[in-house]
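Biologist: I have a model open and want to learn how to read its features. Can we take them one at a time?

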Amino acid sequence: MKNKKMTREETAMIEIGNTDISKTNQKILLAFFLIFIVSAAVIQVIFGENEAVATNVAMKNDQIVEASAGFLKKATDFNDGLLSNIKTYESDIEENSVFRKALIPITQAGLLNIFHVGNEKARLSKDNFYYKNSNQYLTQPGFLEEKQLKKRKLENVQPNPVKAILDFKEKLTKRDIQLIIVPAPPKASFVLKKGEKALNNQSYTAFIKQLENEGIIVCDAFKLLENQQLENSGFLKYDTHWSPEAVKIVSNKISNLLDSLSIPKGNTKYAIKKATVQNFGDIVDMLNIHDKNDFVNPQAIEIEQILEDNFLFKPSTQSEILFLGDSYSNIYSLEGMNWGSSAGLSEHISENMRKPIDRIIMNDAGAYATRLALSNELKRGRDRLEGKKVLIWEFAARELSVGDWKILDLTLNEEYVSNYFIPEEKTSVTVTGIVRETSKVPMPSTVPYKDHLVAIHLTDLKDLTTGKDLGESVVYLSSMENNSWTDAARLRNGQEIQLKLYNWNDYTDKFGSINRSELQDDELSLADPCWGILIKK
């Protein structure tokens, strides 16, 4: 009986499963692998930033001593601290890796130059760069679909934006405050549109309709910009955000809505100063390449700065209008975003209304970050809603499908008393303290922002000048600057540090809009924070 002839597929499977490598080649490959692994470690030891990493390896003696007392609680605390140190140690190894720092920019430059491709955060086309999360918002299932809501709920977030917005509206209504919603659409909605119809998530139309049916005023920037003929569809070429022209169109529409609510105009005389700014954009920064000019040309744009008596715009907490916004509002307001200042959405609304408005603006997490900041102010006994008639809430539309739409309390706590140390305004105190907890810090070039603030909980504070014990404080520190970690990003639980503390109110205008992470403990999140600057010992 003749053997059955094997098919090509069967032959291929056998060959795949039985790859023959000669003993000589085996030895060469093994030697190459060992040399590569060992050389990476040797290079890291010789040239790497080992001081920060070594700090994280060594557990503080006082943590170990504390863990022995009150076994169950202390052991749990010790374990939590150990796990935190392990995670941050791993992050430090990745961040400080000499190979990583050397190879990623070279590899990315090659991919960009030869294949014109981005990375896990950036998507590239011939004339535009895109933020991946914004593009995914357009292609993902409808964010209000039941299946999608259930899936996202497993991620331990509150996924339903309608639920959060209606709750927010109800709480504002109790204080006679009208809510205006401004979802800021992604660039890909217009630049990648098919034919004459702009793109959006499948649930967007139903979302807008639900809000309007509930009496919420919506400034539909998507619909507004869809009908405009703007250069590059009203967006920056290599940045996530909209152009100055788009900002003016949206601000004019919001101002018209304020007029319809009979919000009176003021009598402030603003001057408009045109200025040219030049920058690459946040998506170019996410590519993590060294010589940007070799691959893309910076984009030059004209902004219109809003000035009062030749001074840059300043908001007013006494205004009857409170504006909440994210990076779409910050893009021409915050100097650190490198597209100018005093020319953003809130400034142009103020110019239209001829009076300064109040604002809380924070980059990223538009689904909850500014509402959380408002909630915390109320819990600290500061009534930021006093005298307000309108609250304008701008957020990136991509948050509708990826954001955490937390239900937040807006109750004013008139009996709040802070037990945490803060210096008097316009003063500073040099102290030592023990780090008990730190908030999360993103890896550089993994988020669309170059700067970040970390929150830390400090105990055992001591004034170095007087020797006085000051208790404990919650402190904001600069943890990432221009896509590079600072020493504050590497602080670990149990570490003793020396720093200068200031009253946060003195630095809110300068740093309050920068993307920051908060401590997880509810009590700590309510503490009046300090601004801190580390002092190297």
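This is a predicted model: local features need pLDDT of at least 70, side-chain atom pairs count only at pLDDT 80 or more; totals for chains, interfaces and linings use all residues.

Biologist: How many bridges join β3 to β4?

Modeller: Two bridges link β4 to β3, which covers residues 178-184, and the two strands run parallel. Across this pair, V218 in β4 stands opposite I181.

Biologist: Now helix against helix. At what angle do α9 and α11 pack?

Modeller: Take the angle and the axis distance together. Helix α9 (residues 161-173) packs on α11 (residues 204-213) at about 20°, and the axes are 11 Å apart. Angles under 35 degrees count as roughly parallel, so α9 and α11 are roughly parallel to each other. The crossing is right-handed.

Biologist: Which residues of α9 and α11 meet?

Modeller: From α9 come P161, V162 and I165; from α11 come F207, Q210 and L211. For reading such lists, remember that an α-helix has 3.6 residues a turn, so residues three or four places apart point the same way.

Biologist: Why is α16 largely enclosed by the rest of the structure?

Modeller: Count its buried residues, those under 20% relative accessible area. Helix α16 spans residues 345-353, and eight of its nine residues are buried, so the rest of the structure largely encloses it. Among the buried ones are E347, H348 and N352.

Biologist: What follows α16?

Modeller: R354, with a positive phi near 60°.

Biologist: Last, a loop. Is N128 buried or exposed?

Modeller: Check the relative accessible area. For N128 the value is 3%, so this residue is buried. N128 sits in the loop between β1 (122-124) and β2 (129-131).

Biologist: With which side chain does the side chain of N128 make a polar contact?

Modeller: With that of N232, at 2.8 Å. Beyond its neighbours within four places in sequence, N128 also touches R123, K187, V191, L236 and K237.

Conventions: Residues are numbered from 1 along each chain as its sequence is written. Side-chain values use heavy atoms; hydrogens and water are left out. Buried means under 20% relative accessible area, exposed over 50%, partly exposed in between (1.4 Å probe, protein chains only). Helices (H or I, at least four residues) and strands (E, at least two) are DSSP runs, numbered from the N terminus. Two strands pair if DSSP finds at least two bridges between them. A polar contact is a pair of N or O atoms within 3.5 Å; within protein, one must be able to donate a hydrogen and the other to accept it, and residues adjacent in sequence count only if both atoms are side-chain atoms. Contact means heavy atoms within 4.5 Å. Axes are lines fitted to C-alpha atoms, for helices over the stretch in contact, and angles run from 0 to 180 degrees between N-to-C directions. Angles under 35 degrees count as roughly parallel, over 145 as roughly antiparallel, 65 to 115 as roughly perpendicular and the rest as oblique. A crossing is left-handed if the near helix is turned anticlockwise from the far one by less than a right angle, and right-handed if clockwise.
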